[in-house]
Amino acid sequence: MEPEIRSFSVKKFLTSIKNKLEDTPNVWVHGVITQITEKGNMVYMSIADFNEGDVKPEATLPLSCYAGRFAIIKSKAENCPTPFKIKEQLKVCFLVKADVYIPFGKLQGNILDIDPVYTLGELAVTRAAILKRLALEGLLDKNKNLELADIPLQVGLITGEKTAAFKDFTTRLAASPFKFSVTTEYARMQGNETEASVIAAMEKLLQNKELDVICIVRGGGSKTDLNYFDSEALCRAVANCPIPVFTGIGHEIDKSLLDEVAYQSCITPTDCAKRLVERATESWNRMVEAAKEISDQARNMLVENRRTLASYGSSLQQKVSSRLLQEKTLFAKFSTSLQKDVQFIVKNEVNRIDRNEEGLRQGSRKILDLEKTRFELFQTKVNSADPQNVIAKGYTLTLDPNGKFIRNANQLKAGDVVTTRFKDGTVESVVR
């Protein structure tokens with residue numbers, strides 16, 4: 001005879017399983033948080049296992065927790081020596097009690113406790129791995145090796161909007177004797193949007209080519225907020241920033257990875273502003289000291305040069321006086337000699353003029369007499385050559401029809417009328 005087959009309602013079946021699960025021990029289950037949702041007095045969560053390099057979960061477990069218990073678990077995590085915040089993508093290890101949610105027939109676990117040591121170990125491993133990668137790529141010191149302006153007056157600021165950090169930072173700069181110019185880009189400074197928001201703000205600031213420095217500041221708050229600044233992408237953005245980056249994240253002793261790659265890490269926004277003022281003050285003091293040193297050296301040089309000039313002036317005055325005395329003595333000697341020479345020359349010239357005057361007087365008379373004799377001789381020759389005088393001696397003078405002297409017979413032709421002059425008259429003749 002076949003045994004009787006019993007059947008159960010769905011509720012009874014699930015209740016039976018639930019009752020069986022009540023007898024199972026609590027177990028520690030670890031995985032990566034993939035989802036967190038708070039509804040009323042309940043918190044719903046999912047954790048999953050992943051194979052390395054694969055974003056698809058290998059296995060997923062839904063979890064639930066009463067809000068009161070979850071508050072205790074959160075407080076436990078946030079009050080560790082190295083606090084952390086329970087959030088998505090975090091590796092955790094929960095103490096879980098297996099359970100079935102009868103209305104949906106859903107296997108789930110009730111969260112009873114958390115093992116913070118497991119999470120801290122995973123965070124430390126992750127943080128160390130990021131730090132190692134940054135170090136191997138030379139990114140830890142890349143921003144530190146940039147040259148910061150001596151007086152960094154053009155400041156880019158990344159902070160939360162309407163926050164005490166903004167006020168503390170800008171108030172400290174405004175109280176300084178320097179005219180800082182602050183360009184602000186607001187960003188989310190906590191939560192899952194921190195990474196993308198800060199990187200976007202930095203990209204906007206870098207469009208301003210006049211900036212000397214970028215400051216990332218936020219005020220105090222929960223220690224767990226520091227975890228958002230361990231982002232590898234954010235660290236790379238700061239390390240590769242072409243201008244120095246200061247961080248002024250209001251935490252206590254621990255440094256975030258962002259502090260490790262920044263040019264200068266400060267403990268608060270006010271301290272960050274203070275460092276900029278100190279940098280400007282130190283540069284200003286160096287400049288003032290250099291100006292004072294230049295002034296002192298110039299003053300000492302002027303004093304020394306005055307002494308040198310006074311010495312040169314005294315020496316020159318002595319040399320000029322000595323030279324003037326020598327020149328006066330020489331001039332007097334030359335003057336006496338010149339006076340004697342002039343008197344001698346004048347006397348000789350007077351004598352020479354007297355001699356020349358007498359010679360000129362005697363010579364001009366002789367020249368006139370000689371010229372007179374020559375003139376008379378020449379006059380005699382002229383008179384002897386005068387045709388009238390020749391005619392007076394018995395000679396005649398014959399002229400052709402044109403009144404020219406006839407010296408040759410071939411000057412005349414038959415029929416020409418010629419004139420012959422005698423001492424006592426003229427006669428005309430016709431040539432045949």
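Let's start at Asp168, which sits in helix H4. Helices here are DSSP runs of H or I with at least four residues, strands are DSSP runs of E with at least two, and both are numbered from the N terminus. Along the chain, Asp168 and Thr270 are 102 residues apart, yet their C-alpha atoms are separated by 5.5 Å.

A quick word on what you are looking at. This is a predicted model, where local features need pLDDT of at least 70 and side-chain atom pairs count only at pLDDT 80 or more, while totals for chains, interfaces and linings use all residues. Residues are numbered from 1 along each chain as its sequence is written, and side-chain values use heavy atoms, with hydrogens and water left out.

Now let's look at strand E6, residues 154-159. Why is E6 described as largely enclosed by the rest of the structure? Because five of its six residues are buried. E6 pairs in the parallel sense with strand E7, residues 181-186, over six bridges; two strands count as paired if DSSP finds at least two bridges between them. In that pairing, Leu157 stands opposite Thr184 of E7. To get from E6 to E7, the chain passes through helix H4, residues 164-174, and this β-α-β crossover is right-handed. Right-handed means that, with the strands pointing away from the viewer, the path from the first strand over the helix to the second runs clockwise. E6 also pairs in the parallel sense with strand E8, residues 213-218, over four bridges, and Val155 has Val213 as its bridge partner in E8.

Next, please turn to the barrel. Which strands close into it, and in what order? Five strands do so, in the order E1-E2-E3-E5-E4, with mixed pairing. E1 and E4 run antiparallel and are joined by six bridges, with Trp28 partnered by Leu95 in E4.

A pocket is found on a 1 Å grid over the protein atoms alone, as an open set of points with protein on both sides within 12 Å along at least five of seven lines; lining residues have an atom within 4 Å of a point. Of the 21 residues lining this pocket, Met42, Tyr44, Leu63, Ser64 and Gln108 are the closest to its centre. Strands E1 (27-39), E2 (42-50), E3 (57-66), E4 (91-101) and E5 (106-114) each supply at least two residues of the lining.

Lys85 is partly exposed, with a relative accessible area of 22%. The C-alpha atoms of Lys85 and Asn227 are separated by 7.9 Å, although the two are 142 residues apart along the chain.

E13 runs antiparallel to strand E12, residues 417-422, and six bridges join them. Phe422 has Gly425 as its bridge partner in E13, and the two strands form a hairpin with two residues between them.

Note on methods: Buried means under 20% relative accessible area, exposed over 50%, partly exposed in between (1.4 Å probe, protein chains only). On a 1 Å grid over the protein atoms alone, a cavity is a set of points where a 1.4 Å probe fits but cannot get out, and a pocket is an open set with protein on both sides within 12 Å along at least five of seven lines; lining residues have an atom within 4 Å of a point.
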